[in-house]
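Hi,

Here is the structure I promised to pass on.

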Amino acid sequence: MGVLVLAVHVGVAYWAGGHADAYYVRYATPKQRSLILGTSRAAQGVVPEVLNAGLAGVMAQGGVEGPVFNFAFTNLHSPYGEAYLRAIRRKLEDGTRNGLFILSVDPWSLSVEVGRAGDTSRVREMGLPIQTLECMSCRPNWEYLMQEYPKMWGHILLQPWLSPELYLHEDGWLEVDVPMDIKSVAKRTKEKIAQYEGMAKQYQASAYRMQALERTIAFLKEHGRVVLVRLPVGEGLMEIERGYWSGFSGEMQEVAKVQGCAFEDFTASSLSWQFTDGNHLYRESGRALSVELGRRVREYLKE
């Protein structure tokens, strides 16, 4: 019986893939030479397949070591900090020299909870897989499945039916397929706005996270080119961000100038995009944005 149970667990571990959860595949794919980084806005909103197609000519000429892989998680798991930088170091392929690194930035990924500005041991990502895992490229990733998978393993087999709206592709893109009728979108947007109104009271801008962003850029510049990107959000979320950190884009432009990288701001065109909840780009808009991002990156790489 023990052998049978072991065999079943081994089989499930090898079968685990894009439906396991919203994170596992990123920890179970090989090391990468080019990365998309940030929170769930980038995880859902930047589509590697589309971006890589737009950069195919640059890659073919050796200008970029690709393909680009989406290693973005969530505002909880992957704000800029020592934990995320440690994970990035582990995911990056040794010897990379001409990588491309797309760093999505927003006010929340550069903030900490009120009262924790001076205590980096208590920032929100501590104790989560992004900080605790030793291997970011093991398949099966036994460490994740045994220690970090939040549910019984039977859920791995059942997830395609339990959560059919979520699928994490092998390139790291989290595809979300939810009802997009006006009533459903309005309900999700209302809930998301309430969440961020609360966050605006609970968070504060963080010198620690800004320094971590600068250290992340400095590290990645040793291995290729860096592009900071501010992704669009709906007008309701944008209004909250203006009140919370009014000069954010200007500060990111200055960071890019000092660090010698590019900054692309898509927030001026928020009305051009479709969002699932006011915060995350719908998959078709994510594809369209990735086309435009690829165009801008090609221009940057020509400089």
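This is a predicted model: local features need pLDDT of at least 70, side-chain atom pairs count only at pLDDT 80 or more; totals for chains, interfaces and linings use all residues.

Before the helix pairs, a word on handedness: a crossing is left-handed if the near helix is turned anticlockwise from the far one by less than a right angle, and right-handed if clockwise. By that rule, H11 passes H13 in a right-handed crossing.

Residues are numbered from 1 along each chain as its sequence is written, and side-chain values use heavy atoms, with hydrogens and water left out.

The overall picture: the protein chain has 14 helices and nine strands (DSSP runs numbered from the N terminus, with helices being H or I of at least four residues and strands E of at least two). Of its 303 residues, 56% are buried (buried is under 20% relative accessible area, exposed over 50%, partly exposed in between, with a 1.4 Å probe and protein chains only). Among contacts with a separation of 6 or more, 81% are between residues 24 or more positions apart (a contact means heavy atoms within 4.5 Å).

Back to H11 and H13. Helix H11 (residues 207-221) packs on helix H13 (residues 248-259) at an angle of about 35°, and their axes are 11 Å apart. The axes are lines fitted to C-alpha atoms, for helices over the stretch in contact, and angles run from 0 to 180 degrees between N-to-C directions. From H11, Met-210, Leu-213, Glu-214, Ile-217, Ala-218 and Lys-221 meet Glu-251, Met-252, Val-255 and Gln-259 of H13. That contact is made of six nonpolar, one polar and three charged residues (Ala, Val, Leu, Ile, Met, Phe, Trp, Tyr, Cys and Pro count as nonpolar, Asp, Glu, Lys and Arg as charged, and the others, Gly among them, as polar). The buried residues of H11 include Tyr-208, Arg-209 and Phe-219, and what they pack against includes strand S1 (34-37), strand S3 (99-104) and H13.

Now H12 (residues 235-244), where Leu-237, Met-238, Ile-240, Glu-241 and Tyr-244 are the buried residues. They cover an arc of only 160° around the axis, which puts them on the same side of H12 (the arc is that of the directions from the helix axis to the C-beta atoms). Glu-239 and Gly-243 are exposed on the other side of H12. The cover over the buried residues includes helix H3 (40-45), helix H10 (182-202) and strand S8 (224-230).

The loop between strand S2 (68-70) and helix H6 (82-91) is worth a look, with Phe-73 in it. Is Phe-73 buried or exposed? Phe-73 is buried, at a relative accessible area of 2%. Leaving aside neighbours within four places in sequence, Phe-73 is in contact with residues including Tyr-23, Tyr-27, Ala-43, Tyr-84 and Ile-130. Leu-76 lies in the loop between S2 and H6 as well, but Leu-76 counts as partly exposed at 42% relative accessibility. Not counting residues up to four places away in sequence, Leu-76 touches Arg-124, Glu-125 and Leu-128.

Last, the prolines. Most peptide bonds are trans. Here the bond from Gly-66 to Pro-67 is cis, with omega near 0°, and Pro-67 is in the loop between helix H5 (56-60) and S2. The bond from Arg-139 to Pro-140 is cis too, with omega near -5°; Pro-140 lies between helix H7 (129-132) and helix H8 (142-147), in the loop.

Cheers
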